[in-house]
Amino acid sequence: MTIVLALLLFSVPGAAFWSLMRGFDPVGRLVVSIAASIVTVAGAAQILLMAGFWSPGSGLVAVLLLSGLVAGLARMHRPRRLAHLHIPRPPSRPAAGAAVRSGANVTRRDLPVRRRDEDEEDWLYRD
Amino acid sequence: MGGEARVTVRQASQSGGGAPRAQQAVQPPAPQTPRPVLIALGAMVTLGLMLFWLPLRGVDLEAMDGYGLIGVLPIATLLGAVVLVLTFMATLALARPHQLLLAAQILLLIITLHGVTLALEPIARFPTAWQTGGFIEYVTRNHTVSWDLDARFSTPGFFAFIAFVMKAVGQNDIEPLLRWAPTVTNLLYLIPYILILRVLRATWRAKWFAAWLFIAANWVGQDYLSPQAFAYLLYLFFVAILVNWFRHHDERTTGSGRRRSGDTRERTGGFWRIYNWLFGAKDPGELPAKPVGVREQSILLILLFILILVGTAAHQLTPFLMTASCAGLVLVRRCNLRGLPFIAGVVYAAWISFMTVGYWSSRKGELFGGLGKVFTNVQQSTGGRLGTASGATQDIQMLRIVIAVTVVGLAVAGLMRRRSRGIDDRVALVLLLVPFSSFGLQNYGGELALRIYFFMLPAACLLIAYLFFPAPFDAPRVRDPKVKIWLGHLRTGSRRHWPAVAAASVFALLLTGGFLSVRYGNEKYEQVRRSDVKAFDVMLRSTDGAVGVVWLSAENPELVGGEPVMPWSYRSWERFTRTPVVANRNNPADISQIVQRLKEQGPGGFFVTTRSHEDYQVLSGGLASDYAIKMRRALAASPELTTVFADTDAAVYRLKNPPAEPRPTVPEPAGLGMRNSPWTPAGLIYLPVLLGVLLTRELRRLRLPPNELRRLRPLTVLAIPLLISVVAVIIERFVIIS
């Protein structure tokens, strides 16, 4: 019973972070959610102790508040249109090989990285 | 051989677009394992478990000598361990990975190696673990900490965390938690470790063997319920996130190697071979970074920041290693968060300055004395631990050093072997070297070498696995049958990995034997008996106020250090004080010193002795083995003393007529003890602003293309004066407060 309760305690922030972290592969998403849930519970307890408000009740409230905040963030960032239609969300970054954008939206991933295997033997095929 | 591997890597990445899965897709599928083989392996696991666990019922722990548990384990149990190891290695010898079978065996290995005392000892082992329980109980009861009671209260994060979880789930008894902690923490360590393993350019054999080694090589016993164990988990998560999602975008040495110009490229000879080995063309030892969005990276960056904060509040050494490993990865261009080491460093320095005042204010000289005394630290934490211990304890200690040196040596050999194949394992190299940087820090009670080994383990296990399985990926090696190669029938064909698996099996068996010897090598005094706990309960019940514990030490603890090997202060921490009595080696019946110390304690004075404690004094202090029996007899017969509680395992005595004075007061909770100085309020304002600016700078960096990093300059300019101010406040605090 205690173990079930403990799992429940960690699964609340874990689930919140799981919903926040779309765009990850499943294993990475799971591991990061586990890390985030441990850190949330531990961090809440630490901050309460440092602020002088440590108590089991206030800790539970803090964990629930933080989880709610994260879940709210996840909900806010999801485009509503897609959320209703259950269409899988397009990846937040264009796939490799997509046209290079310009201007302030360019990130380093949009720039084509010169492949190491294209530089050495090219002269063989040149006239 | 190196050239061959390089060409294949390139071809694989060409056809697969760099995706890790695609490399396997281009290969012909490995042959199916026949079902009977799998069933046989399953049966072997069951047999190994039964052989290991069933005979444990008959083990007589009382027969244990200085060599610890290994001396009393039945032959069948050891055979069971051998069967379990060989079954795992046989699973590695199969043609394709059977994830379920491998994972199940690793889980069973954790329970087998780290949980063997669960079946043998009635309550949780290890007095130090019980003291952690005392800190947690203190937080539960007082809802705060007290910086002046113990230095460990300066980093109370872990205690607050466990106290909260226990209260939230309604668990009031900490004993089950202490019992299961080593097993559970080792299980948890595997979660981030999987994430580290999956980014490596290695075969499935290397990865699974590394995971196996990570369990079996972790004999240092830092995985009990403690801040260190928790902070280590955070450290692993930190490193795993860095190497998975924040690797440098440009991680390749160019085709010709970066330091050879066109003229010198064609030259050969001994010098150039070494030059090439060092600087020549290499494939990174890691697979290409996973593509994720900027939004995901931002979330992860904030998570990394919180990991640093929580880790800093929980443990005093680990955040240093987080900072150092991140800085190391940045330096070797395997991490693009160049500002993160600064963030971690600022957090760490600020915590030490603001929160651990009670620790450093009283021992400034000592702190700087330890700083930089590398050689003394090395010597104290290796040879210094041998000291006056008995033969058996020294043997165990030597074996520990041998295992540690072997593990490091094999890891370096693994690194060399991969490098000779043209693979550049920079991440592993950094993670292997970073822990050594902490030798410059405090001596840490002579335990630093153990901790360095502990923090090296993730990389060391990986590199040892590379030593046996160095190939970057599992590919059929095609050979011209006309070409005769030396020992060709072993090195080609579908069974060509068998010699490597056999060699790895030998190492695995030796390591498992070593684990069972050294992990439980001090079990004679590291076990906690029911009466030990009861003795402290009795003392708390017999008096209302402070409890002055008088304990026997073979040597003067003021010179050599040392604490009673008992679960002292496992609850009601603030009520206990401890006063040592140095044993009179010539006359065990001489109890005048004990009586004298008891009188100094006032009404709450008790003399306590336990079997584990007595065994410790015999084994490490060189006391006569019948000393305790004679002393107890004298104590029981003394007209001045009365026996409060006594059985074969523990005994508590007090004065028949204790003096009414002195009556020491029980200290009230003192909180975190931040202490003030003229500049401190300014520091408290600058610090969050500085951290905010640095974090914003990193978030901005994620959004900028690599050639426009100069757009970070406004934030850098903003951060520098803030950083100078915070450093100034930290220095001011250090000078003013004493």
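**Note on chain B**

1. Helix 27 (residues 592–600) of chain B lies across strand 3, strand 4, strand 5 and strand 7 of chain B, and runs at about 155° to strand 4 of chain B. Helices (H or I, at least four residues) and strands (E, at least two) are DSSP runs, numbered from the N terminus. Axes are lines fitted to C-alpha atoms, for helices over the stretch in contact, and angles run from 0 to 180 degrees between N-to-C directions.

2. This is a predicted model, in which local features need pLDDT of at least 70 and side-chain atom pairs count only at pLDDT 80 or more, while totals for chains, interfaces and linings use all residues. Residues are numbered from 1 along each chain as its sequence is written, and chains are lettered from A and ligands numbered from 1 in the order in which they are written.

3. The sheet of chain B is open and has five strands in the order 4-3-5-7-6, with mixed pairing; two strands pair if DSSP finds at least two bridges between them. Strand 4 (576–582) and strand 6 (641–646) of chain B are the edge strands, each pairing on one side only. On average, neighbouring strands of this sheet are turned by 30° against each other, direction ignored.

4. Strand 3 (residues 547–553) of chain B pairs with strand 4 of chain B in the parallel sense, over seven bridges. Leu552(B) has Val581(B) in strand 4 of chain B as its bridge partner. Helix 25 (residues 530–542) of chain B lies across strand 3, strand 5 (605–610), strand 6 and strand 7 (650–655) of chain B, at about 25° to strand 7 of chain B.

5. The division of chain B gives domain 1 (35–123 + 182–267 + 278–475 + 504–523), domain 2 (127–176), domain 3 (529–655) and domain 4 (680–736); such bounds come from an automatic or database domain assignment. Nine residues of domain 1 of chain B are in contact with seven residues of domain 3 of chain B, contact being defined by C-beta atoms, placed from the backbone, that lie within 7 Å.

6. Helix 30 (residues 680–703) and helix 31 (residues 713–736) of chain B have axes that come within 9 Å and cross at roughly 145°. Among the residues of helix 30 of chain B that meet helix 31 of chain B are Tyr686(B), Leu690(B) and Arg697(B).

7. Helix 13 (residues 294–314) of chain B packs with helix 30 of chain B at an angle of about 155°, the axes being 10 Å apart. Helix 13 of chain B is therefore roughly antiparallel to helix 30 of chain B, a term used for angles over 145 degrees. The contact involves Val294(B), Gln297(B), Ser298(B), Leu301(B) and Phe305(B) of helix 13 of chain B, together with Leu695(B), Glu698(B), Leu699(B), Leu702(B) and Arg703(B) of helix 30 of chain B.

8. The axes of helix 9 (residues 175–198) and helix 10 (residues 204–216) of chain B come within 10 Å and cross at roughly 150°. Helix 9 of chain B is therefore roughly antiparallel to helix 10 of chain B.

9. The peptide bond from Glu661(B) to Pro662(B) is cis, with omega near -10°, and Pro662(B) is in the loop between strand 7 and helix 30 of chain B. His143(B), although not a glycine, has a positive phi of about 60°; His143(B) sits in the loop between helix 7 (127–142) and helix 8 (157–168) of chain B.

Technical notes. Two residues are in contact if their C-beta atoms, placed from the backbone, lie within 7 Å. Angles under 35 degrees count as roughly parallel, over 145 as roughly antiparallel, 65 to 115 as roughly perpendicular and the rest as oblique.
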